[in-house]
Amino acid sequence: MSRFLLNRLLGMVVVLFLVCLFTFVVFFVLSPDPAVQICGKNCTPEAIDQIRENLGLDQPFLTQFWTFISGLFVGRTYGTGPNAIDCAAPCLGYSFQTSQPVADMIMQRLPVSATIAIGAAVLWLLAGIAGGLISAVREGRFADRFITGLTLTGMSIPNYVLALALQFLLVVTLGWLPFPQAVPFGDDPVQWFMNFLMPWIVLAIGAAAVYTRLTRANVIESLQENYVRTARAKGLSPGLVWRRHALRPALTPIVTIFGMDFANLLGGALITETVFGLNGIGKLAADSITKNDQPVIMGVTLLAAFLVVVGAMVVDLLYTAIDPRVRVGSAK
Amino acid sequence: MSTTSDTGGPLLRVRGLTVGFPTAAGSVEVVKSLDFELARGGALGIVGESGSGKSMTSLAIMGLLPKGARRTGSIEFDGTELTALRERAMRAVRGDRIAMIFQDPLSSLNPYYTVGTQIAEAYRSHRKGVTRRQARAVAIEAMERVHIHDAARRVDHYPHQFSGGMRQRVMIAMMLSMEPELLIADEPTTALDVTVQAQILDLLAEIRADTGAGLILITHDLAVVSEVTDHIVVMREGELVEQGPVERIFTDPREAYTRMLLDAVPRIDDEIGLLKTTASAEEDR
Amino acid sequence: MTFTPTDLEVEGAAGGGTGGDPSPAPPPAQRRRLVRAFLRDRVAVACGVYILLVIVMALAAPLLVKLSGYGPLEFDQSAVDPNLGGLPIGWGGGIGAEHWFGVEPGNGRDIFARIVYGARVSMTIALSATVLTSVLGVVFGLVAGYFGGRVDMLISRVMEFLMAFPALIFMIAVLSALPAENRQLLLVVVISFFGWPYLARIVRGQTMSLKEREFVESARASGASSAQIIFKEILPNLASTIIVMTTLAVPGYVGTEAGLSFLGVGVVPPTPSWGQMIASSVPWYAVDPAYFLIPGSFLFLLVLSFTVLGDRVKKIAESGEGRA
C-alpha cells in the first residue's frame with residue numbers, strides 16, 4: 001500500500017515537472033520578449049536591459065528554469081540591492097500587467113471557480129445518475145429513447161452557444177434571472193443562487209449527458225451479471241437486489257470519471273467564466289492569454305495540471321477504498 | 001425439514017413445461033413439453049449438451065427466466081402450483097425452500113461484499129427479526145458445514161480471496177443456510193479443476209444425506225450424474241429423450257442419443273476411482 | 001468542458017463494445033446489410049444529409065457567395081444604422097433578399113458569406129485533425145500493442161502524460177504564444193497532438209488481443225513479416241473500431257476548433273470561423289440575437305449530426321459484430 005502510494009507520488013512529481021518544463025520551453029522559445037512588452041511606449045534600450053536583469057531574463061534557459069522551479073518551493077528574490085523584491089514560496093512570479101504576485105491572483109480567484117465547479121458537479125451528478133437510472137429501467141421504451149435524445153443534444157451543444165441562448169432567453173427576454181455576478185453567499189443567499197444558476201446549468205449539461213449515458217450502460221450491464229441472478233435466487237426483494245447488487249457495481253466506476261472531471265473544472269471553466277464575466281481562474285487564464293501575461297498563464301497551467309494529477313491520485317485512493325478487489329490485491 | 005408435506009406425492013412434479021421466446025419469426029421454444037418428477041429425498045440428474053434447455057428448465061422452476069421468456073405448463077412443488085404464485089409469494093419460496101447454485105462461482109458472487117454479508121443477507125431477508133450478529137453466526141456455521149476451514153475468519157473475506165472450489169463451497173453454504181427442501185445445482189463443477197470437482201460432488205452428496213433435501217443436478221457430464229443422483233433425465237434440443245434410474249440408463253440406454261452421451265465418458269469407474277484418491281488433499285490456501 | 005477529447009474516452013469506456021474483443025472483419029454481404037440498416041434510420045440519414053450540405057457549402061463557397069452577391073470580407077455600411085450604434089437595419093439582424101442571413105452589426109459584413117466560408121474552416125480543421133489523429137493513434141497503438149515490451153512502455157507513458165495534461169488550457173497557451181501565420185495548420189497539429197492517445201489506447205488493447213488469435217498465429221507460422229501481419233491481418237480487423245472512434249471524434253474537434261476560435265486563439269480574423277463569429281456576437285447578443293443564433297445553430301447542428309451519426313455507427317457496428 002505505501003509502496004503503491006510512493007509510486008503514485010513519484011509519478012505525480014514527474015508529470016508536474018514535465019508540465020513545467022513543457023510550458024517553460026514553449027514560452028521561452030516562442031514568445032515575444034516580455035521586457036519590451038512591460039516597458040511599453042517611451043522605452044529606452046537601457047530600461048529594457050534593466051527589466052531583463054530584474055526578471056532574470058538575461059540568464060540562460062536552464063538557469064531561468066531552475067530559478068522558477070526553486071521559486072516554487074523556497075521562494076525567490078527579484079532584483080538586487082534596495083530594489084529587491086522577495087517572493088515567498090510558492091512563488092509563481094509577478095504578473096507583467098498588474099505587478100501582483102501570481103499566487104495571490106490565483107488564490108483570490110479560486111473561491112469563484114470552486115463555487116462554479118461544486119455547484120455544476122452537484123447538478124450534473126444528480127441529473128446524470130437519475131437520468132441514467134430512468135433510462136436503464138425503461139430500456140427501449142419511450143422514456144429511454146427520449147433521454148437518449150436529450151443526452152445527444154446535451155453533448156452537442158457548445159457551452160458558449162448555450163450560455164448566450166440562456167442569457168438571451170432567461171435574462172433579456174423573460175427577465176427571470178439577473179445577469180450573473182459573483183455575489184458573496186453571505187450577502188444575499190438567494191441572489192447568490194440566482195447568479196450562479198446559469199453558469200452551473202451551462203457547465204453541467206454536457207457532463208450530465210455523458211454521465212447519463214455512462215450510468216445507463218453500467219446499470220444495464222450490471223443487471224446482467226450472474227451475481228444479480230444469485231441475489232434473485234436467494235429470494236431478495238427487488239429493492240435489495242437493485243440497491244446492493246446492481247447499483248453499487250454500476251456506480252463505482254463513475255467515481256473515477258467524476259474525480260477527473262471535477263479536478264478539470266476546478267482548474268478553471270475558461271469559456272463559461274468568460275461568457276458570464278465571472279472572475280474565476282478560467283477568466284484569469286483567458287484574460288492573461290489575450291494580454292500575453294506569461295507568468296499568469298504559467299501559473300494557471302501549472303495549477304490546472306496540479307489539480308488533474310492530484311485528482312487522479314485521489315481517485316486511485318478512493319478506488320482502493322470502495323473496490324475490495326483493488327484494496328486487497330494492490331500488489332497487482 | 002421445516003414444513004410438513006400435505007400429501008405423500010413427489011417433492012416436485014413438472015408437467016408439460018414449455019419455455020418459449022417470442023422472436024420476429026414466431027416463438028422459439030427452448031423447452032418443449034417436459035415431464036418429470038422428483039421423489040422426496042430423491043436426487044435427479046438432468047443431462048444434455050449445451051442448448052438442450054436444461055438450464056432454462058431450472059430457471060423456469062425458480063421463476064427466474066430472462067425477460068421476455070414465456071413459461072407454460074405445470075410445476076408443482078410440495079403440492080403447491082408454482083406457476084400460479086404471484087412474484088411476492090414466489091420470492092418467499094426462492095432461496096428459502098428451493099435454492100439454486102450456479103456454474104461459475106466467481107461471477108455468481110458479488111465482488112463488492114464479503115462472503116459473510118452475502119450469506120447473511122439471504123438469511124435475514126427470509127427470517128424476519130434476525131439480528132446482524134445472529135445472521136453472522138448462521139453464516140459461519142453454514143461455512144463450517146461445507147468444510148471451509150477457519151470460517152470465523154474467512155467469513156469477512158471477499159470472493160476474490162477464495163479459490164474456485166472454495167467459492168463454490170461458499171455458494172453452497174449460502175443456499176444451505178436456509179435449509180431448503182430442494183437444491184438445484186446447475187453445472188456446479190464445470191468451472192472447476194478436476195480434483196476439486198469430485199470434492200464438490202462429495203459435498204453435495206453429504207448434504208443430501210444429512211438434510212434429506214431433494215437435489216436436481218444439471219450437467220452435460222454423465223460421469224458427474226452417476227456419482228450423486230439416483231434418477232436421470234436426458235434432454236436434447238428442449239425435448240425429453242429418455243428418463244429412468246441411473247443403473248438402467250447406464251446399463252441399458254434405450255435411445256441412440258443417450259448411448260452417444262455415454263460413449264463420450266469411457267471408463268467411468270476408473271476415472272472416478274482416480275478422482276477419489278486425488279481428492280483427499282484439500283486444495284485451498 | 002463539453003468538447004474536450006476526454007468525453008470521448010468516457011464514451012469509449014461506457015460503450016464497452018469498442019473496447020471488447022474484435023471479431024474478424026465482416027464480409028462484403030454483411031457490410032451491405034449494415035449500409036441498408038443505416039439507410040433505413042431516418043434520423044441518421046437526416047444527420048448525414050446535413051453534414052453533406054455543410055461540406056457542399058464549404059466546397060462551393062466562392063460560387064455561393066457570387067450568387068448571394070456579397071463576399072465574406074465586404075463591408076456594407078448601408079445595411080447598418082449608425083444612429084443605433086451600428087445595429088443592422090431590418091428584422092432578424094437584417095435578414096432579407098439582399099443579405100440572406102442578415103449582416104454583422106457595426107460593419108455590415110454579410111453573415112451568409114461568413115457562414116459559408118466559416119464552414120470551410122470548420123470542416124477543414126476538424127477533418128484534418130481527425131485524419132492526423134487517426135493516423136497517429138492507429139500507428140502508435142498498433143506499434144505499442146504488437147511489439148509490446150519497451151516500445152509499449154515508452155508509448156504508454158507518453159500517452160498517460162498527454163492524457164493527464166490540462167489539454168485545453170495548454171492548447172490555448174501554446175496557440176497564444178505562437179505567431180499568427182499558418183494558424184489553421186497549427187490548430188490541426190495542436191489538436192491532434194493531444195487527441196491521438198484516446199484512439200491509440202483502444203487500438204493498442206485490441207492489437208494485444210488480436211495478436212494472440214489463431215489467424216495471426218498461423219500467418220506468423222507461415223513466415224509472414226511483422227509488417228505483413230500488422231497491415232494484412234490486424235489492421236483490417238480494427239477497421240470497425242477505427243471507424244467508430246473517428247466518427248465519434250469529429251464532433252469533438254469541430255467543437256474544439258470553434259471553442260479555441262471563440263477564445264480568440266483560433267482562426268485569426270478577418271478569416272471567418274463559426275466559433276469566432278459567435279465570440280464577436282457576445283457584446284451584441286441582447287440587441288441582435290440573430291447574430292449569435294445563426295452561427296450557433298449551424299455549429300450545434302453540425303456537432304449534433306456528427307454525434308448522432310457516431311452513436312448510430314457504433315450501435316450498428318456492435319450489433320453487426322454480435323450477429324457475426
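Reply: First a definition: helices (H or I, at least four residues) and strands (E, at least two) are DSSP runs, numbered from the N terminus. Residues count from 1 along each chain as its sequence is written, and chains are lettered from A and ligands numbered from 1 in the order in which they are written. This is a predicted model: local features need pLDDT of at least 70, side-chain atom pairs count only at pLDDT 80 or more, and totals for chains, interfaces and linings use all residues.

Me: How many helices and strands are there in chain C?
Reply: The DSSP runs of chain C fall into both classes. The count is 13 helices and two strands.

Me: What percentage of the residues in chain C is buried?
Reply: A residue is buried if 20 or more other C-beta atoms, placed from the backbone, lie within 10 Å of its own. Chain C has 324 residues. Of these, the buried share is 49%.

Me: Which helix of chain C gives the most to the side that touches chain A?
Reply: Contact means C-beta atoms, placed from the backbone, within 7 Å. The contact takes 43 residues from chain C and 47 residues from chain A. Helices supplying at least two residues each on the chain C side include H1 (6-15), H7 (149-164) and H11 (226-262). With nine residues, the top contributor is H13(C).

Me: How many nonpolar residues are on the side of chain C that touches chain A?
Reply: Ala, Val, Leu, Ile, Met, Phe, Trp, Tyr, Cys and Pro count as nonpolar, Asp, Glu, Lys and Arg as charged, and the others, Gly among them, as polar. This side has nine polar and two charged residues. The nonpolar count is 32.

Me: Which residue in S8(B) stands opposite Ala185(B)?
Reply: S7 (residues 182-186) and S8 (residues 214-219) of chain B pair in the parallel sense over five bridges. Opposite Ala185(B) stands Leu217(B).

Me: Which residue takes a positive phi in the hairpin of S9(B) and S10(B)?
Reply: S9 (residues 231-236) and S10 (residues 239-245) of chain B run antiparallel, joined by six bridges. Val233(B) faces Gln243(B) across the pair. Two residues lie between the strands. The positive phi, near 45 degrees, belongs to Glu237(B).

Definitions and conventions
Two residues are in contact if their C-beta atoms, placed from the backbone, lie within 7 Å. Two strands pair if DSSP finds at least two bridges between them. A residue is buried if 20 or more other C-beta atoms lie within 10 Å of its own, exposed if 12 or fewer, and partly exposed in between; C-beta atoms are placed from the backbone.
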